[in-house]
Structures are given as structure tokens and as C-alpha cells.
Amino acid sequence: MEAGLFTANNLWMMVCTALVFFMHLGFSFLEIGLTRQKNTVNILFKNVFIITVGLLLYYIGGFNLMYPGDFNGFLGFAGFGLPAPINAEGSLDLTYNEGYTYWTDFLFQGMFAATAATIVSGAVAERVKLGGFMIFTIIYVGLVYPIVGSWQWGGGFLSSLAYGEAEGFYDFAGSTLVHSVGGWAALIAIYLLGARVGKFGEDGKPKAIPGHNLPLAAAGVLILWLGWFGFNGGSVLSADPAATSLVLVTTCLAAAAGGVAAFLTSTVLYKNYDLTMFLNGILGGLVGITAGADQMSPNEAVIIGLIAGVIIVLGVALIDKLKLDDPVGAVAVHLICGIWGTLAVGIFGAMAGFDQFLVQLAGVGAAGTFCCLSAFIILFIIKKVAGLRVSEKEELEGLDIHEHGMDAYPDFRTNEH
């Protein structure tokens with residue numbers, strides 16, 4: 001490859017890496033904004049823990065577990081650390097990939113790895129023991145996420161799952177491999193944890209527990225939208241002008257359509273202009289387009305986003321009806337819309353067809369089964385051995401004081417419970 005083109009491709013990948021890193025600030029802001037101020041430090045601690053420990057785990061073994069080279073299609077491991085490919089002259093082998101270096105590959109993929117645990121963090125907010133959450137994160141990010149990723153992106157069995165005219169499962173940037181991996185774990189976690197105190201009345205009906213800072217939540221979503229340009233744009237794995245520009249257009253249109261559909265649906269159903277539904281609709285559209293962003297036309301991207309926006313509103317209502325407590329709507333956004341986006345590859349776009357739809361469905365089922373079983377085993381053991389949930393006193397008084405001995409807003413104390 002021409003040196004200038006290689007440099008341009010690699011530079012684009014590094015810019016996208018930075019954008020995906022920036023998404024962790026967006027997740028933090030969104031989670032803080034939609035929860036109560038007495039848990040702000042706890043949420044920030046978890047998010048900082050996820051990105052720092054997540055990167056180290058991916059360095060230690062996750063990267064080589066996810067990209068093991070030749071393996072049986074289910075589980076492989078290329079060794080610990082980062083044994084970079086070296087050429088005969090003793091320098092980094094730039095023929096490792098046509099578009100970017102080995103180091104760029106590791107860093108870009110590492111940013112994705114931490115996202116799965118961040119999704120869980122929002123769902124379990126305000127009542128999970130910090131120690132238990134950290135143990136779960138280490139195991140889930142260190143083992144479960146890269147194993148599922150290897151099944152597709154590492155050349156495993158999903159990538160070659162043929163049926164009829166379909167020649168393999170397809171997930172461009174991770175509707176299933178990133179978002180649903182986190183979403184399934186979030187679902188299991190909130191089931192095992194139980195609802196926050198006061199979430200459901202004696203009649204079983206859900207009660208709103210308002211977040212303390214909607215401006216932060218809105219900022220978080222807009223940062224995530226920006227970061228998604230790197231999340232999906234970088235997944236082209238080059239700076240190819242035609243491919244990257246199409247992906248950015250479909251990503252952006254789906255986000256806009258998701259937001260509009262969610263706000264319209266919630267307005268019709270609940271007779272008020274709900275900002276939180278509007279914001280989560282944007283995220284639902286982004287998650288929904290992620291599996292097929294490079295396969296869709298702009299019109300199809302809008303349709304996928306519109307459907308995702310409706311799914312968000314109905315999904316949040318379903319979670320409440322099941323008496324599950326998800327403070328930030330993570331299950332509706334990342335799991336339900338992740339499933340929708342993955343199946344949409346078989347309904348819309350260049351790969352659409354019944355055979356492809358069945359392969360997509362099989363991929364969703366395989367990932368879902370493995371993630372649910374893994375998350376349940378990990379969390380159930382933590383719950384029995386060390387406990388998963390804080391005491392009622394700690395929950396009512398706030399995790400910031402009990403887990404961290406500090407207050408995020410020391411000049412603005414309240415008596416909230």
C-alpha cells in the first residue's frame with residue numbers, strides 16, 4: 001500500500017479511537033444525570049474503573065482471546081500481552097494490516113471492550129456493591145466479551161455460519177457483539193439485584209425516581225452521538241471516502257430518526273414531552289444502525305431509527321411491567337435495540353433476505369445464551385459469597401458517603417432519600 005494512504009488510514013483509525021474513548025465521558029454524564037446526586041461519586045468511580053481496568057485486561061489477554069488467529073471457531077488464545085509482529089529488520093511489521101498498525105488495532109478494539117461493562121453500570125446504578133461490580137467487570141470484560149467477539153470478528157463460527165444464500169452472521173460495529181453483550185448482562189444483573197427502594201409502590205405500579213441533572217444527561221447523549229462517528233466510522237477499518245461517508249450519514253440519520261420517533265411515541269402515550277425518552281430514542285437509533293451501518297441506504301437508516309425509537313418507549317414500559325428497575329434504560333437501548341439492529345440486517349440493506357435473517361437470529365441466540373449463562377453464574381456466585389446489593393440504609397443515605405466517604409456536591413447538600 002502507498003505510504004501516504006497507509007498513513008491516512010491509520011490516522012483516521014486513531015481519531016476514531018479517540019472518539020470512542022470520549023464516549024466514556026458521555027456514558028458517565030448520562031448515568032449521573034439520570035440518577036440521584038447522592039450516588040454521583042460512585043457512578044464516576046465505576047466508569048473510571050471500567051476504562052482503566054478494561055484496557056489493562058484487554059492488554060493482558062483479551063485482545064489475543066478475541067483475535068486468536070487460527071482456532072476452532074469457539075475458543076482460542078494467542079498468548080498473553082502484546083507480542084507485536086516484527087519484521088526482519090527488527091521494526092514493527094507494517095504489513096500486519098492494509099489499513100493500520102498493530103498498535104492502532106489493539107487500541108481501537110480495546111476502547112470497544114470497556115463499553116460492555118459501562119452498559120451494565122447504568123442498569124445497576126444506586127444499589128450495587130462496588131466490590132461486587134468490580135469483580136464482575138474484571139471477569140466479564142476479561143473473558144466473556146472477547147470470547148463472543150472472537151466468534152465473529154476473530155474469524156470464529158458465526159462469521160462462517162452459512163445457511164441458504166447467507167454466508168455468515170453480520171455485525172458491522174457491534175449491535176450484538178458490543179451492545180447486546182452488555183445488555184444481556186444488564187438484564188441478568190437487575191433481575192438478581194432487585195429494584196431500588198421506592199421504585200414500585202405497594203400496588204406494584206412503578207414510580208418515577210427522577211434524575212438529579214438532566215442537563216448532564218443531555219450532554220452525555222450528545223457526546224455519545226459524536227463518539228458514534230468513531231464507533232461506526234472507525235469500524236470501516238480504513239479512511240475509504242465512500243465507505244466512511246456513507247456510514248457516518250446512516251449513523252447520523254438513524255440517531256435523529258430514533259430520537260424523533262421516541263419523543264412522538266411517548267408524547268402520544270403519556271401526553272407529555274419527555275426529554276429522557278427523546279434522549280434514549282437517539283441512543284436506540286444509534287444502537288439499531290450499528291450492525292448494518294455500511295449496508296443501508298439513507299432511507300433504510302431512517303426506517304431503522306424510527307422503529308428503534310418506538311422500541312425504546314415500549315421497551316422501557318415492558319421493563320417496568322416486569323418489575324425490573326433500570327435507572328437509565330440500558331436494557332431497552334442496548335439489548336432490545338441491539339437485537340433489532342442485528343435482525344434489521346436481514347430485513348433491510350444490501351444483505352437483506354430470509355436466509356440472512358435466520359442467520360442473524362441464530363447469532364443473536366448464540367450470543368444471548370452464552371452471555372446470560374455467563375453473567376448469571378458470575379453474579380450469582382458474587383451474590384452468594386460476598387453479596388451483590390448494599391444495605392437499605394446505605395441505599396437511602398447514598399453510596400457516595402458509605403462507599404467513598406465523600407460528596408460530589410459538598411456545597412449543595414440535600415435531605416433526599
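View 1. Tyr191 belongs to helix H5 (residues 175–193); helices are DSSP runs (H or I) of at least four residues and strands (E) of at least two, numbered from the N terminus. The model is predicted, with local features needing pLDDT of at least 70 and side-chain atom pairs 80 or more, while totals for chains, interfaces and linings use all residues. Residues are numbered from 1 along each chain as its sequence is written, and side-chain values use heavy atoms, without hydrogens and water. Tyr191 is exposed at 57% relative accessible area (exposed, over 50%; buried, under 20%; partly exposed, in between; 1.4 Å probe, protein chains only). Together with Leu373, Phe376, Ile377, Phe380, Ile381 and Val385, Tyr191 makes a nonpolar patch of about 730 Å² (nonpolar side chains joined within 5 Å, residues over 30% relative accessible area and no salt bridge). Helix H11 (residues 354–385) gives the largest share, six residues.

**View 2. The stacked pair Phe74 and Phe157**. Ring centres lie 4.6 Å apart and planes at 20° (pairs, centres within 6.5 Å; stacked, under 30 degrees; edge-to-face, over 60; the rest tilted). Phe74 is in the loop between helices H2 and H3, and Phe157 in the loop between helix H4 and strand E1, so the pair ties together parts 83 residues apart in sequence. Phe74 is partly exposed at 47%, and Phe157 is partly exposed at 22%.

**View 3. The stacked pair Phe112 and Phe231**. The centres are 4.2 Å apart, with planes at 15°. Phe112 in helix H3 and Phe231 in helix H6 are 119 residues apart. Phe112 is buried at 1% relative accessible area, and Phe231 is buried at 0%.

Technical notes:
Patches are made of residues with over 30% relative accessible area and no salt bridge: like charges are joined within 9 Å, nonpolar side chains (Val, Leu, Ile, Met, Phe, Trp, Tyr) within 5 Å. Accessible areas come from the Shrake-Rupley method with a 1.4 Å probe; for residues, only the protein chains shown count as cover. A salt bridge is a side-chain nitrogen of Lys or Arg within 4 Å of a carboxyl oxygen of Asp or Glu. Rings of Phe, Tyr and Trp (its six-membered ring) pair if their centres lie within 6.5 Å; planes under 30 degrees apart count as stacked, over 60 as edge-to-face and the rest as tilted.
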